[in-house]
Amino acid sequence: MEQAFFFYFAFVIAATSVLVVALRNPIYSTLALLVMFFHVAGLYVTLHAEFLAAVQIIVYAGAILVLYLFVVMLLNLKQDVRYHRQWPMAAAVGATLVIEAIILTAMKGSTTPAAATDTETAIGGAGNTEAIGDVLYTTYLFPFEVASLILLVAMIGAIVLAKKDIGEREA
Amino acid sequence: MTVPLSYYLVLSGIMFLTGVIGVLLRRNIIIILLSVELMLNATNINFVAFSQYFHNVAGQVFVFFTLTVAAAEVAVGLAIIIALYRAKSTINIDEFQMLKW
């Protein structure tokens with residue numbers, strides 16, 4: 001049963017991620033990405049990361065994707081963009097990744113990590129959201145603050161970059 | 001967990017590879033940013049799968065940091081795209097060669 005869910009989500013995620021890259025119209029690509037985000041959220045639910053699934057839908061599908069759609073429709077480009085001519089580069093990177101995958105598959109089993117040390121906070125023991133909040137605000141408090149700083153810098157940067165002739169008025 | 005960890009890793013690898021191919025092959029700069037989102041999501045799936053496998057919630061916390069970086073990247077990236085579109089009236093990356101030498 002769990003495997004059936006996984007294969008459904010995995011198939012849809014793989015198919016839509018190929019569609020994101022392959023489709024010509026940016027709007028269709030963005031909508032394919034939306035379907036992918038929902039299925040990734042479903043995959044999180046099967047992995048017992050319920051809070052993360054909700055955040056995935058709210059932040060990715062709700063905020064980030066709307067921003068993309070907004071810009072795609074703002075620029076309103078209908079031209080037919082063809083694929084980039086970087087076949088040598090693509091072949092080199094692809095071959096490297098395929099070789100790495102083959103090597104990793106060949107030496108499978110020799111590097112199985114030691115699983116499930118129950119020293120840390122157990123997932124789902126006291127509720128997924130509670131466990132995440134507990135770790136986030138104690139162990140990872142400083143990275144959390146730094147993340148808020150990143151968001152502040154990104155906000156200011158986006159305003160400065162997108163605002164028209166901000167330098168002329170100041171000069 | 002009846003689904004082995006390696007299945008998640010294979011799925012994540014496929015997603016990441018698709019993102020890399022998108023970055024390398026597409027000329028539309030918006031699609032390139034979408035491919036970067038694809039790669040970030042692939043790493044997120046890895047994080048959550050390992051978090052479940054090791055029964056350690058820290059992996060899910062790191063997904064939040066990835067989410068933060070993704071949001072910042074989208075905001076700044078789209079602002080840059082809009083600025084570039086104002087300057088060049090196109091979003092084809094072949095036209096953006098100001099930094100090439």
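1. The centres of domain 1 of chain A and domain 2 of chain A, taken over C-alpha atoms, are separated by 22 Å; the assignment, automatic or from a database, places domain 1 at 1-81 and domain 2 at 123-164.

2. This is a predicted model, in which local features need pLDDT of at least 70 and side-chain atom pairs count only at pLDDT 80 or more, while totals for chains, interfaces and linings use all residues. Residues are numbered from 1 along each chain as its sequence is written, and chains are lettered from A and ligands numbered from 1 in the order in which they are written.

3. The model has an ipTM of 0.90 and a pTM of 0.79. Chain B has an average pLDDT (the predictor's confidence in each residue, from 0 to 100) of 88, with 99% of the residues scoring at least 70.

4. To the contact between the chains (C-beta atoms, placed from the backbone, within 7 Å), chain A gives 64 residues and chain B 58 residues. By class, the side of chain A that touches chain B holds 50 nonpolar residues (Ala, Val, Leu, Ile, Met, Phe, Trp, Tyr, Cys and Pro), ten polar ones (the others, Gly among them) and four charged ones (Asp, Glu, Lys and Arg).

5. Helix H5 (residues 128-136) of chain A packs on helix H3 (residues 58-88) of chain B at about 75 degrees, with the axes 9 Å apart, which makes H5(A) roughly perpendicular to H3(B) (65 to 115 degrees). A:Ile132, A:Val135 and A:Leu136 of H5(A) meet B:Ala58, B:Gln60, B:Val61 and B:Phe64 of H3(B), a contact with six nonpolar, one polar and no charged residues.

Methods:
Axes are lines fitted to C-alpha atoms, for helices over the stretch in contact, and angles run from 0 to 180 degrees between N-to-C directions. Helices (H or I, at least four residues) and strands (E, at least two) are DSSP runs, numbered from the N terminus. Angles under 35 degrees count as roughly parallel, over 145 as roughly antiparallel, 65 to 115 as roughly perpendicular and the rest as oblique. Two residues are in contact if their C-beta atoms, placed from the backbone, lie within 7 Å.
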